[in-house]
Amino acid sequence: IACRDLIVEVKLSVAELAYLQRAITITQQNHDLLQHVQQVAAARYAQDQAPLNDLLKAQAQAAQLEYDLVLLRELQEVERVRLTALLDEPSDTVFGPVVAVTLEPLELTPAEVEQRALAQRQELELLQAELRRAGLQVDRARSAWWPELSAMVLTTVDAGDGARPDREDAWMAELSVAVPLDLRKKRAGVRAAVATRTAASGDLR
């Protein structure tokens with residue numbers, strides 16, 4: 001999940017850099033065009049062919065675009081530093097021109113997109129695995145109530161008899177049964193396992 005989140009953050013940062021780069025280019029073009037308009041307005045005003053208001057409006061719009069350029073470049077620098085941190089690169093690393101990725105339209109309805117996103121979400125897979133593990137813990141806690149049955153079969157030689165046994169005495173069998181006595185501890189273990197499963201089921205919802 002951490003790797004997936006890192007990839008998503010890098011893609012978002014690159015897309016933001018591409019957007020800012022395009023915005024700076026367009027704003028710079030508008031600023032250059034407005035400077036030409038400002039020069040024309042100043043020349044027409046000097047010849048009494050245009051009112052002062054036209055010149056002041058052009059100057060105000062040019063000043064606003066200059067401020068927008070400063071702001072966009074600051075945002076671009078902040079995003080560049082953020083990308084270097086995501087890539088574990090030195091903060092003074094300079095990236096080349098960023099090419100925006102062309103996104104193709106999806107032929108899906110919003111409901112289908114949401115359904116696919118939820119079906120492929122890794123967090124849900126982890127919660128489902130946690131729910132399965134909690135269910136196994138409940139089964140294990142409940143099985144602790146059952147008597148433990150053990151059986152052992154061995155030869156008389158394995159039992160320590162050095163003499164070679166007769167065929168009729170060659171094998172020995174041992175059967176034992178262990179009955180759980182600490183019922184309060186067993187009940188507490190089952191309750192804790194059931195509570196864990198309930199919590200996991202609630203997270204999944």
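The model is a predicted one, so local features need pLDDT of at least 70 and side-chain atom pairs count only at pLDDT 80 or more, while totals for chains, interfaces and linings use all residues. Residues are numbered from 1 along each chain as its sequence is written, and side-chain values use heavy atoms, with hydrogens and water left out.

Helices here are DSSP runs (H or I, at least four residues; strands are E runs of at least two), numbered from the N terminus. H2 covers residues 52-86. It has 35 residues and spans 51 Å from its first C-alpha to its last, close to the expected 51 Å at 1.5 Å a residue; that expected span is 1.5 Å times one less than the number of residues. Just past the end of H2, Asp88 takes a positive phi of about 60°.

Next comes the question of what is tucked away. A residue is called buried under 20% relative accessible area, exposed over 50%, and partly exposed in between (1.4 Å probe, protein chains only). The buried residues of H2 are Leu55, Ala58, Ala62, Leu65, Leu69, Leu72, Glu79, Arg80, Leu83 and Thr84. Their cover includes H1, where contact means heavy atoms within 4.5 Å. Thr27 gives a view from the other helix: it sits in H1, residues 2-46, and counts as buried because its relative accessibility is 12%. Leaving aside residues up to four places away in sequence, Thr27 touches Leu65, Asp68, Leu69 and Leu72.

Now for the charges. A search of the whole structure turns up three salt bridges, each being a side-chain nitrogen of Lys or Arg within 4 Å of a carboxyl oxygen of Asp or Glu. Glu9 pairs with Arg82, their closest N and O atoms being 2.3 Å apart. This pair ties together distant parts of the chain, with Glu9 in helix H1 and Arg82 in helix H2, 73 residues apart. Glu9 is partly exposed, at 29% relative accessible area, and Arg82 is partly exposed too, at 32%.

Arg82 also forms a salt bridge with Glu79, with the closest N and O atoms 2.9 Å apart. Arg82 and Glu79 are three residues apart in helix H2, so about one helical turn separates them. Glu79 has 11% relative accessibility and therefore counts as buried. Put together, Glu9, Glu79 and Arg82 are linked in a network of salt bridges.

Another salt bridge joins Glu77 and Arg80, whose closest N and O atoms are 2.6 Å apart. These two are three residues apart in helix H2, which means that about one helical turn separates them. Glu77 is partly exposed at 38% relative accessibility, whereas Arg80 is buried, with a relative accessible area of 14%.

Last is the surface. Tyr45, Leu52 and Leu56 make a nonpolar surface patch of about 250 Å². Patches are built from residues with over 30% relative accessible area and no salt bridge, joining like charges within 9 Å and nonpolar side chains (Val, Leu, Ile, Met, Phe, Trp, Tyr) within 5 Å. Areas come from the Shrake-Rupley method with a 1.4 Å probe, and for residues only the protein chains shown count as cover. Leu56 lies in helix H2 and counts as partly exposed because its relative accessibility is 43%.
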